[in-house]
Amino acid sequence: MHAFSLGYRSWCITRALGRNPLLRWTDRIEACVIVFAILVALAATPVCAAAGVGVYRSHARLYEEQSRARHSVTATVVETGPRPHQPHSTSITVLAMWLVAADGARGGEVQVAHTGWMSRDRAVNAGDHIDIWVDDAGAPVAPPTPPSQAGLDAVGFGAGIWLVATLGTTAAVGMVRSPLNRIRRVQWERDIKGFSDGQRSNRPH
């Protein structure tokens, strides 16, 4: 694949800058546009990599802050709500109570009870213990995002930018090639017609 890419690039450069008398001006313009698109795609690679590094650093800090500000506690189911009407659904709404150390309390000596309705993905009964995630204020929150997600976010963001740039240059090449192909067809028809007329004029009578 790498050898093919280098060969195709060299072929385009030869068409754009070569002195072949058979090359028309339309061929040279098309080759120049293709070379420009290849250069844009190559230049976009380090830019996308730098953008991905920036996303990785910012998301890594965000996920690290989440892991410090969120922690798991054990809650007790106080009451279960009605089951949803969706078929094949196992989720259930429950009223749970949990204890969180009060602000400023030393060693968690003073604890404050919190209650709230939440959804569970499995059936539970009153009195069961469940694990939930809460923030520093004791409010229920989603589990913290694992730090490894920062790498996936960075790769996805960088690849997305590169893909958009590549698709944009590909579309630009297609927009340029379309009128050039029409001009070439007109030139070919004119040359074929001129060749045919020349053959008829050179025939012996």
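In what order do the four strands of the open sheet lie? The legends below begin with that sheet, in a predicted model.

Figure 1. The four strands follow the order S3-S2-S1-S4, and their pairing is antiparallel. Strand S3 (111-120) and S4 are the edge strands, each pairing on one side only. From one strand to the next, the twist averages 40°. Strands of a sheet pair through backbone hydrogen bonds, in either a parallel or an antiparallel sense.

**Figure 2. The pairing of S2 with S3.** S2 and S3 run antiparallel and are joined by 10 bridges. Two residue pairs can be picked out in this view. Ala-101 has Gln-111 in S3 as its bridge partner. Val-94 stands opposite Met-118 of S3.

**Figure 3. The two pairings of S1.** With S2, S1 pairs in the antiparallel sense over four bridges.

Figure 4. S4 is an edge strand and pairs on one side only. Its covered face carries Ile-130, Ile-132 and Val-134. Its uncovered face carries His-129, Asp-131 and Trp-133. In a regular strand, side chains alternate between the two faces of the sheet.

**Figure 5. The largest nonpolar core.** This core has 13 residues, and the members touching the most others are Val-94, Trp-98, Met-118, Ile-130 and Ile-132. Strand S1 (71-80), strand S2 (92-101) and strand S4 (129-134) are the elements that give two or more residues to the core. S2 supplies the largest share, five residues. In soluble globular proteins, nonpolar side chains tend to be buried together.

**Figure 6. The salt bridge in helix H2.** The structure holds one salt bridge. It links Arg-68 with Glu-64, and the closest N and O atoms are 3.1 Å apart. Arg-68 and Glu-64 are four residues apart in helix H2 (residues 25-69), and therefore separated by about one helical turn. Are the two partners buried or exposed? Arg-68 counts as exposed, at 57% relative accessibility, while Glu-64 counts as partly exposed, at 44%.

Figure 7. Gln-66 lies in helix H2. At 14% relative accessibility, Gln-66 counts as buried, because the cut-off for a buried residue is under 20%. Once neighbours within four places in sequence are left aside, Gln-66 is in contact with Pro-144 and Thr-145.

Figure 8. How many disulfides are found? The count comes to zero, the rule being a pair of cysteine sulfur atoms within 2.5 Å. A disulfide is a covalent bond between the sulfur atoms of two cysteines. Cys-32 counts as partly exposed, at 40% relative accessibility. Cys-48 is buried, with a relative accessible area of 6%.

Note on methods: Residues numbered from 1 in each chain as written. Predicted model: local features only at pLDDT ≥ 70, side-chain atom pairs only at ≥ 80, totals over all residues. Heavy atoms only, no water. Core = buried A, V, L, I, M, F, W, Y, C linked by side-chain atoms within 4.5 Å. Buried < 20%, exposed > 50% of the residue type's maximum accessible area, 1.4 Å probe, protein only. Salt bridge = Lys/Arg side-chain N within 4 Å of Asp/Glu carboxyl O. Pairing = 2+ DSSP bridges. Axes fitted to C-alpha atoms, helices over the stretch in contact; angles between N-to-C directions. Contact = heavy atoms within 4.5 Å.
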